[in-house]
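Take a first walk through this structure.

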Amino acid sequence: MDLQGIDAIVTLQSSADQLASSKNEQVQKAEQNALDWWSLAAIAPAIIILLGFLFLFFYGVFQSLTDLRFGRPVVRFIGFTNYEVAIKTQDFWNSVRATMAYACSAVLAEAFFGLALAKLFASGVFLARLMRPVILLPLVLPPMSVALMWTTMMDPQNGILNYLLSLVGIGRFAWISDASTAMFSLVLIDIWTYTPFFALIIFAGLQGINDEVREAARVNGARGWATFLHIELPLISPYILIAAVFRLIESLNQFDIIFGTTQGGPGGSTSVLSVRAYITAFQNLAFGRGAALMVVNWMIVLLGAFAMVRLWRLVRHRVS
């Protein structure tokens with residue numbers, strides 16, 4: 001066979017290889033496109049739900065800019081009038097103070113007691129092994145059931161808590177029946193319910209600390225408390241803060257426990273923004289003003305969560 005024939009065969013083979021590779025690329029592109037469509041179909045329900053929540057949120061913001069009220073056939077756009085009316089009333093600022101006092105007190109106390117429980121679990125003592133299965137019980141109970149249970153126990157006349165106090169010589173405590181003690185009682189309920197959340201997250205952080213770090217501290221002369229304060233606590237501080245972020249958001253939005261026990265009373269002492277918005281919208285039937293209160297509550301939650309996330313990032317950067 002001459003050289004021209006060989007060159008022709010080589011050219012045909014290279015052309016065939018190019019055609020085959022181009023077909024393979026087309027097939028791969030088709031498969032990738034089909035995979036993208038399947039991926040889009042898989043996440044479509046989540047996208048639809050997210051869009052639904054966004055629509056409801058922005059519709060609520062729009063309602064706060066109207067004079068929407070039950071039985072009123074014509075709804076007018078009134079701008080920020082609902083907000084102006086709210087901030088000029090003393091009840092609004094009382095609700096803001098009650099919201100902040102409830103959330104901050106509950107989160108700080110839960111972080112402290114959760115840290116103590118997590119340290120107890122990490123010690124491996126017999127009491128800790130007994131408490132581990134029980135510690136999740138408050139978290140799995142419905143908040144309204146928790147509210148009803150504690151309302152019964154805090155009854156000033158027949159409640160079991162006052163009976164237990166009487167055994168140690170302490171007189172009757174008003175609990176949720178008095179304006180001066182109602183907020184303290186609600187914070188106590190929240191601590192009992194959500195301290196296990198802190199304990200579990202902090203316990204996971206303690207378990208993640210390498211034993212070699214503790215051993216190195218002991219070699220350098222650090223005792224138990226010094227090891228905890230200077231080694232363990234800085235390392236688990238990001239865990240404490242990330243738990244505080246979630247609990248702060250939930251505490252600022254807390255409704256079930258407060259409404260199920262005091263309904264904002266007595267005398268409005270526990271009327272946080274979420275409860276006042278509910279009463280304004282569904283009892284007073286002023287939906288526009290109720291929506292405005294919820295938007296204000298959302299702004300407080302957003303600012304609080306943003307500040308806590310910034311603090312968490314700073315602490316995490318220092319620890320890493």
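How do α3 and α8 lie to each other: oblique or roughly parallel? The axes of helix α3 (residues 90-123) and helix α8 (residues 179-207) come within 5 Å and cross at roughly 40 degrees. α3 and α8 are therefore oblique to each other. Angles under 35 degrees count as roughly parallel, over 145 as roughly antiparallel, 65 to 115 as roughly perpendicular, and the rest as oblique. Axes here are lines fitted to C-alpha atoms, for helices over the stretch in contact, with angles from 0 to 180 degrees between N-to-C directions. The contact of α3 with α8 has 22 nonpolar, four polar and three charged residues. Nonpolar covers Ala, Val, Leu, Ile, Met, Phe, Trp, Tyr, Cys and Pro; charged covers Asp, Glu, Lys and Arg; the others, Gly among them, are polar.

This is a predicted model, where local features need pLDDT of at least 70, side-chain atom pairs count only at pLDDT 80 or more, and totals for chains, interfaces and linings use all residues. Residues are numbered from 1 along each chain as its sequence is written, and side-chain values use heavy atoms, with hydrogens and water left out.

Now the whole chain. It has 13 helices and zero strands. Helices (H or I, at least four residues) and strands (E, at least two) are DSSP runs, numbered from the N terminus. Of the 320 residues, 35% are buried. Buried means under 20% relative accessible area, exposed over 50%, and partly exposed in between, with a 1.4 Å probe and protein chains only.

Next, the loops. W175 sits between α7 (160-167) and α8. Its phi is positive, about 55 degrees, although W175 is not a glycine. W175 counts as buried, at 8% relative accessibility. L285 lies in the loop between α12 and α13. Its phi is also positive, near 60 degrees. L285 counts as partly exposed, at 30% relative accessibility. P266 is in the loop between α11 (256-261) and α12. A cis peptide bond joins G265 and P266, with omega about -10 degrees.

A pocket is an open set of points on a 1 Å grid where a 1.4 Å probe fits, with protein on both sides within 12 Å along at least five of seven lines; lining residues have an atom within 4 Å of a point. Of the 20 lining residues, A277, F282, G290, A291 and M294 are the closest to the centre. α13 gives the most to the lining, with seven residues. The lining divides into 15 nonpolar, five polar and no charged residues.
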